[in-house]
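Welcome! Have a look at the chain shown here, and then let us walk through some of its features together.

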Amino acid sequence: MTLLQLFGSMFIAYGPAFSLFLFTISREPLRIIVMMAGMFFWLCSLLTSSVLWFAVWPLKGQISFGLTFSILFQELFRFIYYKILRKAEDGLQQFNQTTPEQAQQQAQNSNGDSTSDKTRHGYAYVAGLGFGTMSGIFSFINVLADSKGPGTVGIHGDPHDFLITSAFLTSCFILLHIMWNVIFYWGFETRRYWAVLIVVASHFLVSELTLLNKSQLYSVTLPVAYVTLAVMTLFAFFIAGGSSRGIKQAFSLNRSRYAL
């Protein structure tokens, strides 16, 4: 039973991220490098938060204090990584394996810039997946390790749905970091700073709501988190060049496949 809990929770938490890595990143070495760098920068934010948490010892017991500054440092290092990627993207393009026709098309789409908007959105997506994956690993790995036993979740009167809720929240945060990254980078790239504020505000909203889990208010935390994910996904989708027409075409294509 405990082994089923462990694997079930692991697949819920990390399955979507692993699928994205497998089908969109694993075959491109450059994207793997960008993703690993994103994971490193999230670790840097964790290190900075830990140093502050140890330094301000009177507030060590205040979870909200540590969480607030953890969010701020994550957004700070998201910005630092954006600036580094922006400066290095021309060099990264030289290592990108593209055909001459693709390179010419990218040059035409960029209107004189050496890196197209599509490529930048790709970098933002890959960096966000690295950011979110490392966040998910550190937030859930200890819970996952405890789920292997002995005993089962809730056997001593603890909430029975803690493990499954934590798994769904971990998956949600990983996906949210992808969307936040795309919107965050786009906001600075186009100087639409209100988009950056939306990212920071929604990050605070969803993260601070997890404090309600101490009171077992999962019926509040999960719906708000996934509604935020849906909104951020639509926002990032349209930023990356998507359209309502494209969504309709995708659904009509699926229906035609099933009809066959």
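Predicted model: local features only at pLDDT ≥ 70, side-chain atom pairs only at ≥ 80, totals over all residues.

Gly66 lies in helix α3, where a helix (H or I) is a DSSP run of at least four residues, a strand (E) is a run of at least two, and numbering starts from the N terminus. Gly66 is partly exposed, with a relative accessible area of 22%; buried means under 20%, exposed over 50%, and partly exposed in between, using a 1.4 Å probe on protein chains only.

Residues are numbered from 1 along each chain as its sequence is written, and side-chain values use heavy atoms, leaving out hydrogens and water.

Helix α3 is also the place of Phe69. Phe69 is partly exposed, at a relative accessible area of 31%. From Phe69 to Trp53 the C-alpha to C-alpha distance is 8.8 Å, and the two are 16 residues apart in sequence.

**The whole chain**

Now for the overall plan. The secondary structure comes to 9 helices and 0 strands, giving the pattern α-α-α-α-α-α-α-α-α when read along the sequence. Of the 260 residues in the chain, 38% are buried.

**How helices pack**

Two packed helices are described by the angle between their axes and the distance between the axes. Here axes are lines fitted to C-alpha atoms, for helices over the stretch in contact, and angles run from 0 to 180 degrees between N-to-C directions. Helix α2 (residues 29–55) packs with helix α5 (residues 117–146) at an angle of about 45 degrees, and their axes are 7 Å apart. The two helices α2 and α5 are therefore oblique to each other; angles under 35 degrees count as roughly parallel, over 145 as roughly antiparallel, 65 to 115 as roughly perpendicular, and the rest as oblique. The crossing of α2 and α5 is right-handed: that is the word if the near helix is turned clockwise from the far one by less than a right angle, and left-handed is used if anticlockwise. Sorted by class, the contact of α2 with α5 has 17 nonpolar, 5 polar and 1 charged residues. In this sorting, Ala, Val, Leu, Ile, Met, Phe, Trp, Tyr, Cys and Pro count as nonpolar, Asp, Glu, Lys and Arg as charged, and the others, Gly among them, as polar.

Helix α2 is also where Met36 is placed. Met36 is partly exposed, with a relative accessible area of 42%. Met36 and Val126 are 90 residues apart along the chain, and their C-alpha atoms are separated by 9.1 Å.

Another pair of helices is α7 and α8, whose axes come within 9 Å and cross at roughly 160 degrees. Helices α7 and α8 are therefore roughly antiparallel to each other, and α7 passes α8 in a left-handed crossing.

**Aromatic rings**

A pair of aromatic rings is described by the distance of the centres and the angle of the planes. Rings of Phe, Tyr and Trp (its six-membered ring) pair if their centres lie within 6.5 Å; planes under 30 degrees apart count as stacked, over 60 as edge-to-face and the rest as tilted. By this rule the count comes to 20 aromatic pairs, and the table gives two examples.

| Pair | Centres apart | Angle of planes | Class |
|---|---|---|---|
| Phe79 and Phe188 | 4.9 Å | 45 degrees | tilted |
| Trp194 and Phe235 | 6.0 Å | 5 degrees | stacked |

Phe79 in helix α3 (residues 63–95) and Phe188 in helix α6 (residues 162–189) are 109 residues apart, so their pair links distant parts of the chain. Phe79 is partly exposed at 29% relative accessible area, and Phe188 is partly exposed at 21%. Trp194 lies in helix α7 (residues 193–209) and Phe235 in helix α8 (residues 218–239), so this pair ties together parts that are 41 residues apart in sequence. Trp194 is partly exposed, with a relative accessible area of 45%.

One aromatic cluster is formed by Phe79, Tyr82, Phe184, Tyr185, Phe188 and Tyr193. The charged end of Arg78 sits over the ring of Phe184, 5.9 Å from its centre; this wording applies if NZ of Lys or CZ of Arg is within 6 Å of the ring centre and within 35 degrees of the ring normal.

**A loop residue**

Finally, Arg191 is found in the loop between α6 and α7. Arg191 is exposed, with a relative accessible area of 66%. The phi of Arg191 is near 60 degrees, a positive value in a residue other than glycine.
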